[in-house]
Structures are given as structure tokens and as C-alpha cells.
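This briefing summarises the computed features of one structure, grouped by topic. Please consult the sequence and coordinates shown below while reading.

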Amino acid sequence: MPVQVNIHEAKTHFSRLLARVKEGEEVVIAKAGKPVARLVPVTERPARRVPGSAKGRVGISTDFNEPLPENILEAFEK
């Protein structure tokens, strides 16, 4: 559950709030009790995807484009 603070408290204790966020906490900043912003920890971006890196690991059945069996089609229509 995120901690909620008002704008004045956020301005007064900004460094402390950032320390809490750095530890993984989420802080919601509110104005008149209504949330207006969230402070969340920055996460590292995942490694850049390399096209073709799954080559040879994925297979597609030869009947991929064939019509589905009747019992499966009926299940979709329920």
C-alpha cells in the first residue's frame, strides 16, 4: 500500500521521500486529499531485443492454417 502525503509535506521532506522510494516504496502526493502524482522507483530497462534471437527455438505446425476441429469451434461459440 503506497504512502500518501500532501504537497506541503512532500516539499518539506522530499529527500526523505526519495530515500523511501529508492528502497522500493511508492509515495502518492495528494492535494486536498486527492492523489495527483506518484513517486515510484526507476527500474532498469530490459536489455534491448535482438531480432532473430529465437531462431530455431520456435516451431509452427504444418497444419497451422487448417480449419479448427468442430469441437473446438463449438467451444468458442458458447
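A salt bridge is defined here as a side-chain nitrogen of Lys or Arg within 4 Å of a carboxyl oxygen of Asp or Glu. By this criterion, the side chains of Arg38 and Glu26 form a salt bridge with an N to O distance of 3.6 Å. The structure is a predicted model, in which local features need pLDDT of at least 70 and side-chain atom pairs count only at pLDDT 80 or more, whereas totals for chains, interfaces and linings use all residues. Residues are numbered from 1 along each chain as its sequence is written, and side-chain values use heavy atoms, with hydrogens and water left out.

**Overall architecture**

- The protein chain contains three helices and three strands, where helices (H or I, at least four residues) and strands (E, at least two) are DSSP runs numbered from the N terminus.
- Read from the N terminus, the order of elements is β-α-α-β-β-α.
- The radius of gyration of the protein chain is 25 Å, well over the 12 Å that the globule rule gives for 78 residues, so the chain is more spread out than a compact globule. The radius is taken over C-alpha atoms, and the globule rule is 2.2 Å times the number of residues to the power 0.38.
- Along the principal axes, the C-alpha atoms of the protein chain fill a box of roughly 65 × 40 × 15 Å.

**Surface and contacts**

- The accessible surface of the protein chain is about 7600 Å², and 55% of this belongs to carbon and sulfur atoms. Accessible areas come from the Shrake-Rupley method with a 1.4 Å probe; for residues, only the protein chains shown count as cover.
- Of the 78 residues in the protein chain, 12% are buried; buried means under 20% relative accessible area, exposed over 50%, and partly exposed in between (1.4 Å probe, protein chains only).
- Contact means heavy atoms within 4.5 Å. Among contacts in the protein chain between residues at least 6 apart in sequence, 27% join residues at least 24 apart.

**Salt bridges**

- A search of the whole structure finds two salt bridges.
- In the bridge between Arg38 and Glu26, Arg38 lies in strand S3 (residues 34-39) and Glu26 in the loop between helix H2 (14-22) and strand S2 (27-31), so the pair ties together parts that are 12 residues apart in sequence.
- Arg38 is exposed, at 56% relative accessible area, while Glu26 is partly exposed at 27%.
- Glu25 forms a salt bridge with Arg20, with the closest N and O atoms 2.8 Å apart. Glu25 is partly exposed at 29% relative accessible area, and Arg20 is partly exposed at 35%.

**Nonpolar core**

- The largest nonpolar core has seven residues: Val5, Ala10, Leu17, Val21, Val27, Ile29 and Leu39. The elements that give two or more residues to this core are H2 and S2.
- Such a core is a set of buried Ala, Val, Leu, Ile, Met, Phe, Trp, Tyr and Cys residues joined through side-chain atoms within 4.5 Å.
- Neighbours within four places in sequence aside, Val5 is in contact with Ala10, Leu17, Val27, Val28, Ile29 and Ala30.

**Individual residues**

- His8 is found in helix H1 (residues 7-12) and is exposed, at 59% relative accessibility.
- The C-alpha atoms of His8 and Ala30 are 9.5 Å apart, with 22 residues separating the pair in sequence.
- Ala32, in the loop between S2 and S3, has a positive phi near 55 degrees and is exposed, with a relative accessible area of 82%.
- Most residues other than glycine have a negative phi.
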